[in-house]
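Please read it alongside the sequence and the structure shown here.

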Amino acid sequence: MSKRSFLSLDDTELATWLAESSTTHAAALCSAGHVTPRPNTSDLPSEVPAASGIASSVPSDSTSPTAFGSPTAHRESACEPNLRKNFRVSQIRRWTDQVGVSTFEAMSNLPKALRESLSKTFTLRTTTVLEHQGTPEDAEKLLLQLYDGERIECVLLRDDKEHRTACISSQVGCAMHCAFCATGMDGVVRNLESWEMFEEILRLGELLPAGERLTHIVVMGMGEPLANLSNVYAALERASRSEDSNGMGIGARRITISTVGIPSGIRRLAELGCRFHLAISLHAPNDELRDAIVPANQATGIETILEAAQYFFEKTKRRVTFEYVVLGGVNDSPSCARELVSLFRGKPALINLIPYNPVKGLPFHPPHSSTVAEFSEILERAGIEVAIRYRKGEKIDAACGQLRRNRT
Ligand code: SF4
C-alpha cells in the first residue's frame, strides 16, 4: 500500500495532519508573497454558531487568497485554529463515514487544495474488487483483495422488508475449522483491522442505488469475530455512530455479532456493555455431535457457552440468538430437536434453523424441507421461539469462504 488508508486515521490524527498540512500550505503561500493565511469559512456548516468567532468575523470586502485556496479571507481570532480543525475533521468524516465517497475529489465542499493534499497523502480504499457475483434480487457477493494481497468475501443481502444487510468478514480465513464451512478448510491467515472491516461495509454500500442505504450489519462472514474482538467492536462502534456525529447511523440493535461460541469473548462483550445483538452458532444439541461439527467445542463444551450466554443476557438484557445449520441426516433428527428443547426450555433465546447450503468438496447435504418443518414444530410445541431462515445466494458461491476458495 503506497499511501496510508485514510479510514485508519482517528480524529486526533486527522486533526494533527490538518494542522500540519495547513501550516505547510501557509508557509508556501507566505514565502510566495501572499498575505498571512487565514481560514476560509465559506463552507462552514450552518451549525457553527455565529458566536464562535468564525462566522461573525467574516469581513464583507476581503478577496485575499487563503491557506486553503479560497478567495475569501477573514480576521483571525485566538479560537479560530481549533474551531477550524474540529470543523474540518467533522466535515471530512461526514464525507467518508456517512456519505461513503470513495475519492477525495468528490468532497465538493472542501477547498481544492485540501482535496489535492488529501489525495496525495491518503487513499480512501485499500481494497480492490476482484469479483462481484449475484444480483440485487438475490444476494451480491464481493471478493476483495486487501492491501497485502490477501482475499476476503463480503455479502449484501436485501429482503422485501426493505432491509439492506452487509454481511462482513472479521478475519482472513478462520481457525475454527467447522466441518461444513469452506473458510475453515484453510485455517486463519490474519485478523482484519477495524478500518478494513469498515471498508467492507462501505464497499457493500456502494452496490446500492442512490437513495438506498444499508440498514443492518452482521459479522457472519469469514472468521471468528470474538478472536478479533477489539477490532470488530471498534468497526461496529464506528458504523453505529449517529448521523449527528457524522456516522452511518446504523442502530446497534440492527447489528449482529455471530460467534462460534468463545465463552471468554462472550463474557468480555457482556462486560463492555455490548449494545449489539449476539448470535451463537450452536449447530448441535450435545457435545459429542458438536465436537465433530464444530471442533472448537472440544475446548469449551456447550454448557460453558450457555452459561456465558446467560451472563451476556443478564448484563446486557439482550436476548441471544442461537444459529443451527441443519445438515441433512446429521443433526436434523427429532431426537436432536428434543435435546435442544431440554437445553433451552424456559431460557430467553431464539433459535434460527438454517437449512444447509452445499459446499463443493464437503460431504454434507441440505435437509429435506419436511424434516426442517418437523424439527421446528418440536421446538415450538415446547414453547421455544424458533425461526427458519433460508440463506440466499444460490448464484453466488453462497457459503462463506466458497468464492475465495474457488478463485485461489
Ligand atoms: S463457520 Fe464461521 S467459525 Fe466456523 S469455520 Fe466457518 S467462518 Fe469459521
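## Strands, helices and the ligand shell

Strand β12, helix α9 (residues 334-344) and strand β13 form a β-α-β unit, and this unit is right-handed. The model is a predicted one. Within the unit, β12 (residues 320-326) and β13 (residues 349-355) are paired in the parallel sense over seven bridges.

Strands β13 and β14 run parallel and are joined by four bridges. Here L350 has E385 of β14 opposite.

Both units belong to a wider sheet. Strands of a sheet pair through backbone hydrogen bonds, in a parallel or an antiparallel sense. The sheet in this model is open and has 10 strands, in the order β3-β4-β5-β6-β9-β10-β11-β12-β13-β14, and its pairing is mixed. The edges are taken by β3 (128-134) and β14 (385-388); each has a single partner strand, so one side of each lacks a neighbour in the sheet. From one strand to the next, the twist averages 20 degrees.

Elsewhere in the sheet order, β6 (residues 164-167) pairs with β9 (residues 216-219) in the parallel sense, over three bridges. In this pair, A166 has I217 of β9 as its bridge partner.

| Strand pair | Sense | Bridges |
|---|---|---|
| β6 and β9 | parallel | three |
| β12 and β13 | parallel | seven |
| β13 and β14 | parallel | four |

Helix packing comes next. Two packed helices are described by the angle between their axes and the distance between the axes. The crossing in which α9 passes α10 is right-handed.

The crossing of α4 and α5 is right-handed.

The last topic is the ligand. Which residues come nearest to the ligand? Of the 12 residues around the ligand, the nearest are C174, M176, C178, C181 and G184. Sorted by class, the shell consists of seven nonpolar residues, four polar residues and one charged residue.

Technical notes
Residues numbered from 1 in each chain as written. Predicted model: local features only at pLDDT ≥ 70, side-chain atom pairs only at ≥ 80, totals over all residues. Pairing = 2+ DSSP bridges. Helix = DSSP H or I, 4+ residues; strand = E, 2+ residues; numbered from the N terminus. Axes fitted to C-alpha atoms, helices over the stretch in contact; angles between N-to-C directions. Near = placed C-beta within 6 Å. Nonpolar A, V, L, I, M, F, W, Y, C, P; charged D, E, K, R; others polar. Right-handed = clockwise from strand over helix to strand, strands pointing away. Left-handed = near helix turned anticlockwise from the far one by under 90°.
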